[in-house]
Amino acid sequence: MDMAIIIRPGHYPPGLCVEARLRRLIEDPDGELVARVARGDQAAARAIMARHLPKILNLGRRMLGDQTEAEDVAQDVFVRVWTHAARWQPGQAKFETWLHRVALNLCYDRLRRKPTTDIDRVPEPADHTPGPAAKLFEAQLAGAVNEALRRLPDRQREALVLCHYQGLTNIDAAQIMGVSVEAMESLLSRGRRTLKAALKPLSEDAFGRNEDDGA
Amino acid sequence: MITLERFKDLVAAYGADPARWPERERVAALGLLERSGKARRLMDEAQAIDRLLDLSPTVAVTPELQSRILAQLHPRASSASVAGFLAALLPGRPAWLPAAALMASLALGLAVGTFAPAIIELDGGDGTSDAALVAMVGADFDDGAWDEMGDGT
């Protein structure tokens, strides 16, 4: 039996509870740093930021599609870390999992205040000129991908961001999202299908041309 | 062992990078990939979507953002330092004990400070008054101050 599948906070199976919690304790590389942050240790705070701030910032950027809002979310997340570090209970959940959940909650608070948009209206890059303009085209493509991500249904985008960009395991991502692994996989598949359809004309231009360039 | 149907679901959800596949299915899926041309075609399709997703740029953390966040740690840091200092005064005892002792000392100091000017005025000498005041608050014990204290008493 794969223990990692059945571990859920608050739902430890009888007999495995202590073992599972010990395993989490051992596996969580942030436990010691969080304890030091609780004592006001600046070096620990810097270390924990170095480890997690880039990921949390990029999560916010991809969930919200806005740099300034992403920075505000990242700041709010870490202020919560500073505030709650003393009450952190090692072994209850992985710190990184908790951090992602807090960041996503803050993103959803902001998304609820934004108007919804339609995935079918992803703007195409204006310039398809090859050669010297290739970099510009790539930047425009990147913008189009970000826009397509932003227009995905929230839960599909969340699943994609957690698994593809944040590099979390399926178990951690499902736990953060509060769904089963199967449900998270379904959201992932739908998200990738939707993105593929929305970006199909662009991907044919981009990758078709790249292959020509490489020939 | 993994079926082609499950492999299809796997790459449709997690893409073409085996590092993103569920750990317990990874070895079996890689085995199937070696044996099945259909699995390889499914991988190619998944790779195309991965390449699109990877076009989304990663943003860098600015020093300003780091400073803003670290600045929020300061109030906790100073209160934690005070608590740590108090705890270190009487190891193994609750922090309120040394805190109470310090507060009592402070109250005594304030009381003495409140009455000190009247005492000095009774003594009358200007230079002596300054030296006495300095000595009472314990701020400066240079030789001159000791001499004047001696002269005045």
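Just past α8(A), Gly167(A) adopts a positive phi of about 70 degrees. Helices here are DSSP runs of H or I with at least four residues, strands are runs of E with at least two, and both are numbered from the N terminus.

This is a predicted model, where local features need pLDDT of at least 70 and side-chain atom pairs count only at pLDDT 80 or more, while totals for chains, interfaces and linings use all residues. Residues are numbered from 1 along each chain as its sequence is written, and chains are lettered from A and ligands numbered from 1 in the order in which they are written.

## Helix α8 itself

Let's back up to the helix.

α8(A) is mostly covered, with nine of its 12 residues buried. Buried means that 20 or more other C-beta atoms, placed from the backbone, lie within 10 Å of a residue's own; exposed means 12 or fewer, and partly exposed is in between. Among the buried ones are Leu160(A), Val161(A) and Leu162(A), along with Arg157(A) and Glu158(A).

## Chain A as a whole

Chain A has 10 helices and zero strands. Of its 215 residues, 38% are buried.

Now for contacts: two residues touch if their C-beta atoms, placed from the backbone, lie within 7 Å. Take the contacts in chain A with a separation of 6 or more, and 65% of them join residues 24 or more positions apart.

## Where α4 meets α5

In chain A, the axes of helix α4 (residues 42-64) and helix α5 (residues 67-84) come within 8 Å and cross at roughly 140 degrees. Axes are lines fitted to C-alpha atoms, for helices over the stretch in contact, and angles run from 0 to 180 degrees between N-to-C directions. α4(A) and α5(A) are therefore oblique to each other (under 35 degrees is roughly parallel, over 145 roughly antiparallel, 65 to 115 roughly perpendicular, and the rest oblique).

On the α4(A) side, the contact includes Ile48(A), Leu53(A) and Arg61(A), while α5(A) brings residues including Val73(A) and Phe78(A). The residues of this contact split into 12 nonpolar, two polar and three charged.

## Meeting chain B

Chain B puts 31 residues in contact with 36 residues of chain A. Elements giving two or more residues to chain B's side include α1 (4-14) and α3 (37-53) of chain B.

Technical notes. Nonpolar A, V, L, I, M, F, W, Y, C, P; charged D, E, K, R; others polar.
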